[in-house]
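Open the model in your viewer and keep the selection panel handy.

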Amino acid sequence: MNAATATPARSADSRPRGRQPVLDQVCADAVDLALAAAEDVAGIGEVGRHVGMLAEGDRVVTHLFECKERGYRGWNWAVTLTRAPRTKFVTLDETVLVAGNESVLAPEWVPWSERLRPGDLGPGDLLPIAEDDARLVPAYTGEDEERPELYREITRDSLPLIAYQIGLGRPRVLSREGREEAAERWHEGEFGPHSPMAQAAPARCSGCGFLAPLAGMLGQGFGVCTNEISPSDGRVVSLDFGCGAHSEAAVVPVTYPTSEPVVDEYRYDTVTFGERVVRPADEASQAAAAAAAAVQVAVAAADVEDAEPEPEAETVAAVEVVQAEVVAEVVPEEEPVDES
């Protein structure tokens, strides 16, 4: 037999694809060797019971042991054993920690471009846009022309401005998918017709004088609020949105001029502040006391004269005069006036 007629040995990769590997009994019986290899990595007492084995290929078997380490509930230590053909000597291939059916795993990795949310972009941050972004489509830039029109040279009501509004002069513009995504997000958002503010509004933004419509196709359903009192000032609002700051929601009532207040300086109010203040007796109070004593003496003298049926007219007149003087003399002190 020469090299031309020799049949090459079939390797493990050249075996039929449909044949499943057979469990090698010699490697399957080497459980103690697999346990010792797992404890050499995890530590004595950190490896649990033997939970199974798996045939990885010809004369290659993987033994599975429970992992008793905290934080790895449901994980298994996997020890792979193998042997050479026509020999009973088993050798160690590798020892790894693998997840089981009840393992706690980290969530599936998501690219950063898909993890971004509104509000994540801060000052100085740059957000690259992919070349194949479905929200954008190529536009006419005029780079092939000899003298392309620059944006800063565009003037109001000029043809270049109209061309810029329809997308000419920009590398990319919104695609149909980009417009539909924006319209759906705005319509279902805080300033859409389904928000609590819109449900309680007396009218819609489509009839409000503070609405500035958008240009292009999005202007058919959206605009920008310009009312500084409205909670949606400077925001894109749906034409079906509404709030209490609608220009035609209410009319301000007519105010009538009022006259100036009149201050009455000829009257005052007396205010009582509790207990009365008693002042020391002066000459007027002493005269009043003397007049009262004279009245008592006159009345006592009239009572002594029992023979006379009635007091003389002169005595009665004198008593009345004295009483009048007493009344005139004894006047209660005026209460202090609150001048505040």
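This is a predicted model: local features need pLDDT of at least 70, side-chain atom pairs count only at pLDDT 80 or more; totals for chains, interfaces and linings use all residues.

Residues are numbered from 1 along each chain as its sequence is written, and side-chain values use heavy atoms, with hydrogens and water left out.

**Stop 1: the largest pocket**

Select Leu116, Leu127, Ile129, Asp133 and Arg135. The largest pocket has a volume of about 630 Å³, and of the 21 residues that line the largest pocket, these five are the closest to its centre: Leu116, Leu127, Ile129, Asp133 and Arg135. A pocket here is an open set of points on a 1 Å grid over the protein atoms alone, with protein on both sides within 12 Å along at least five of seven lines; a cavity is a set where a 1.4 Å probe fits but cannot get out, and lining residues have an atom within 4 Å of a point. Grid points are joined across faces, edges and corners, and the volume is the space filled by probe spheres set on the points.

The largest share, five residues, comes from α5. Helices are DSSP runs of H or I with at least four residues, strands are runs of E with at least two, and both are numbered from the N terminus. Colour the lining by type and you get 12 nonpolar, three polar and six charged residues. Nonpolar covers Ala, Val, Leu, Ile, Met, Phe, Trp, Tyr, Cys and Pro, charged covers Asp, Glu, Lys and Arg, and the others, Gly among them, are polar.

**Stop 2: a nonpolar patch**

Together, Trp112, Leu116, Leu121, Leu127 and Ile129 form a nonpolar surface patch with about 460 Å² of accessible area. Patches are made of residues with over 30% relative accessible area and no salt bridge: like charges are joined within 9 Å, nonpolar side chains (Val, Leu, Ile, Met, Phe, Trp, Tyr) within 5 Å. Areas come from the Shrake-Rupley method with a 1.4 Å probe, and for residues only the protein chains shown count as cover.

Zoom in on Leu127, in the loop between α3 (112-115) and β5 (136-138).

**Stop 3: the largest cavity**

Next, select Cys205, Cys208, Phe210, Cys225 and Cys243. The largest cavity has a volume of about 80 Å³, and of its 13 lining residues, Cys205, Cys208, Phe210, Cys225 and Cys243 are the closest to the centre. That lining divides into nine nonpolar, three polar and one charged.

**Stop 4: salt bridges**

There are three salt bridges (a side-chain nitrogen of Lys or Arg within 4 Å of a carboxyl oxygen of Asp or Glu).

- Asp24 and Arg83 meet at 2.9 Å, N to O, and both Asp24 and Arg83 are buried.
- Arg49 and Glu66 meet at 3.1 Å; Arg49 is exposed at 54%, and Glu66 is partly exposed at 27%.
- Arg176 and Glu180 have their closest N and O atoms 3.2 Å apart, and lie about one helical turn from each other in α5.

**Last stop: Asp240**

Finish at Asp240, in the loop between β9 (236-238) and α7 (283-304).

Terms used
Buried means under 20% relative accessible area, exposed over 50%, partly exposed in between (1.4 Å probe, protein chains only).
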